Amino acid sequence: RGPWAEEQGPVPEGAPWGRARYEAVKKHLGAVRALSKQYWQYVACKVWQEGCEEEEKEREERELLPFPGWGFPLVGQDYLEILSAWYCSFGKCCETGDCRIINNITGLEADLSGQLHGQHLAKEVVVRALQGFLLSPRTQKALVLSFHGWSGTGKNFVTRLVASHLFRDGLKSECVRVFVSLLHFPHHNYVDSYKAQLQRQLSETVRRCRQALFVFDEAEKLHSSLLDAIRPFMAHHDSKGQADHQRSIFLFLSNLGGNTINEVALDFWRAGRAREEISMELLEQRLRLELQEAAENSYAHSHLLRENLIHFLVPFLPLEYHHVKLCARDAFLARGLPYTEAMLDEVAQMMVFVPKEEKLFSAQGCKSVPQRINYFLP
């Protein structure tokens, strides 16, 4: 309480400006002052380089932390959100992209458990791989995951979840680059030009962002020259000489191996065994055999597999009838629409199921389920 409060007489405990409220305000103002000091130091060092060596050293020490962030109490984190939004409104926020990294693995695990249906292997492998990679203080190689399975089984869905839980801006982050083979590299006649552009984009991103995510959709259609261009960014490197590669994550999405994965799932079903009994070791071994039989000069025969640059081949199992119903339920909830079990059954029955005899797996997975919901709109 200031002198003005003394003049007005004592303030009873529990009043609006009681001691507890005063301490809370004092704590909040202290957090604001500390955060403001950090911003002013950053701006000053950008304008006047002298005397910033110590600040630069402190910043480098903070970068060694496995989860980048500010060392302030929770109340300071609230103000960080406000000040970050204000600061970034004047231009690009953080040349390194660090202030937009959140690495919320707990949230990712929760969303995968609640929203990804029928993919026990993908849930486990993705969370375990990312958690181990991000917790490691020093890495000498980028994390590389290759997603395999039929269309509609969840490869793109998991990619979106990973991006949104690693970066505050998700797929829109400056530290996330998504490449679709037939969209970004459609003509083989211009592969040399594509190669130069791709290398430049990857280099710029890893230079700007201490942690970067690169996604290559339809990976099986990538030209071998483009795969060669990607290779240096994934290969082993000296942690001292190329520290900018330490937090690079590569996700390759491909339909290759889908038939093998489906055959294994069908064999388990015919044997009366639960799909949850399918092990990673069994599927990964079968996947590698199928990829070795693929056409030459393809993704399967690139340096990625021959040099063991891929950490995990992540299989996405075909979806069954009850999985499609769960996807329909999620689609209704996402649009705030009421639903009944009969409506979920009706959506699932609109899908095509294979093989012809068993009609066990959805041919499109859950890919067209959100569009089917339009049939129930008034």
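Trainee: Which residues are linked with K325 in a network of salt bridges?

Mentor: Side chains of opposite charge can pair when their charged atoms come close. Here, K325, E341 and D345 form a network of salt bridges, a salt bridge being a side-chain nitrogen of Lys or Arg within 4 Å of a carboxyl oxygen of Asp or Glu. Bear in mind that this is a predicted model, where local features need pLDDT of at least 70 and side-chain atom pairs count only at pLDDT 80 or more, while totals for chains, interfaces and linings use all residues. Residues are numbered from 1 along each chain as its sequence is written, and side-chain values use heavy atoms, with hydrogens and water left out.

Trainee: Where do E341 and K325 sit in the chain?

Mentor: Their side chains meet at 2.9 Å, N to O. This pair links distant parts of the chain, with E341 in helix α15 and K325 in helix α14, 16 residues apart. Helices (H or I, at least four residues) and strands (E, at least two) are DSSP runs, numbered from the N terminus.

Trainee: Is K325 buried or exposed?

Mentor: Buried means under 20% relative accessible area, exposed over 50%, and partly exposed in between (1.4 Å probe, protein chains only). K325 has 17% relative accessibility, so it counts as buried. For another salt bridge, look at R273 and E277, at 3.1 Å, N to O. R273 is partly exposed at 41%, and E277 is partly exposed at 42%.

Trainee: How do I read the two sides of a helix?

Mentor: An α-helix has 3.6 residues a turn, so residues three or four places apart point the same way. In α15 (residues 341–349), the buried residues are M343, L344, V347 and A348. They cover an arc of only 140° around the axis, which puts them on the same side of α15; the arc is that of the directions from the helix axis to the C-beta atoms. The face turned away from that buried side carries the exposed residues A342 and Q349.

Trainee: What covers the buried residues of α15?

Mentor: The cover includes α14 (321–334), β6 (353–354) and α16 (369–372).

Trainee: How many residues does the largest nonpolar core have?

Mentor: A nonpolar core is a set of buried Ala, Val, Leu, Ile, Met, Phe, Trp, Tyr and Cys residues joined through side-chain atoms within 4.5 Å. The largest one has 72 residues, and F250 and F252 have the most contacts inside it. Helix α6 (residues 120–135) gives the most to this core, with nine residues. Apart from it lies another core, of 15 residues, including M343 and A348.

Technical notes. Contact means heavy atoms within 4.5 Å.
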